[in-house]
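Notebook open, structure about to go up on the screen. I'll jot things down as I look them up.

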Amino acid sequence: MTEVYNDLMEDSDFDTILSSDIDFTGTLQFEKPFLIRGRVSGEINASGALVIDETAIVNANIHALRVLIRGQVKGDVTAVEKVEVTVTGRLSGNVTAPEILMETGCIFNGRCTMVGKL
């Protein structure tokens, strides 16, 4: 998966999927595409792409290559390339990235900072 956009993605596009019945607390670190459907609390540090699905609830500061938010995130989000919040996404925290896309209807509470490539 070379890009994270609001496209229909198959489970096979992800190396790891945190299913909806999983609650994880701690630090997640990964390099390849990762999909969260469950609950995560703590920190997420990734050199790969991260997708937070509609059923996901994430209470964590996130640093990743690219981030697609379809679910709920409470925490600061920093991306090297892009952050996208879809119509079903809710972000309560600051976002920093070179490219930021927020669809009409999403919920965003925080500061938005667009910077050169990190």
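Before anything else, my cut-offs for cover: a residue is buried under 20% relative accessible area, exposed over 50%, and partly exposed in between, using a 1.4 Å probe and protein chains only. Strands (E, at least two residues) and helices (H or I, at least four) are DSSP runs, numbered from the N terminus.

Ground rules. This is a predicted model, where local features need pLDDT of at least 70, side-chain atom pairs count only at pLDDT 80 or more, and totals for chains, interfaces and linings use all residues. Residues are numbered from 1 along each chain as its sequence is written, and side-chain values use heavy atoms, with hydrogens and water left out.

**Overall look**

I counted elements and got 13 strands and zero helices in the chain. Of the 118 residues, 41% are buried. The chain exposes about 6,100 Å², and carbon and sulfur atoms supply 46% of that; the areas come from the Shrake-Rupley method with a 1.4 Å probe, and for residues only the protein chains shown count as cover. I also checked contacts (heavy atoms within 4.5 Å). Among those in the chain with a separation of 6 or more, residues 24 or more positions apart account for 12%.

How many of the nine residues of β8 are buried? Seven are, and that makes β8 (residues 77–85) mostly covered. Next I looked up its partners, counting two strands as paired if DSSP finds at least two bridges between them.

- β6 runs parallel to β8, with seven bridges joining them.
- β10 (residues 95–97) pairs with β8 in the parallel sense over two bridges, and T96 in β10 stands opposite T78.
- β11 (residues 99–102) also pairs with β8 in the parallel sense, over four bridges; there, L101 is the bridge partner of E84.

**R66**

I found R66 in β6 (residues 57–69). Buried or exposed? R66 counts as buried because its relative accessibility is 6%. Its bridge partner in β8 is K82. The side chain of R66 also makes a polar contact of 2.8 Å with the side chain of E81. For a polar contact I take a pair of N or O atoms within 3.5 Å; within protein, one must be able to donate a hydrogen and the other to accept it, and residues adjacent in sequence count only if both atoms are side-chain atoms.

**V85**

V85 sits in β8 and is buried, since its relative accessible area is 0%. What does V85 touch, leaving out residues up to four places away in sequence? The list is I69, R90, L91, L101, M102, E103 and C106. I also checked V85 against I100: 15 residues apart in sequence, they are 8.2 Å apart in space, C-alpha to C-alpha.

**Aromatics**

I got one aromatic pair in the structure. F30 and F34 form it, stacked, at 4.6 Å centre to centre with 20° between the planes. My criteria: rings of Phe, Tyr and Trp (its six-membered ring) pair if their centres lie within 6.5 Å, and planes under 30 degrees apart count as stacked, over 60 as edge-to-face and the rest as tilted. F30 and F34 are both buried.

**Cysteines**

I searched the whole structure for disulfides (cysteine sulfur atoms within 2.5 Å) and found zero. C106 is buried because its relative accessible area is 18%, whereas C112, at 41% relative accessibility, counts as partly exposed.
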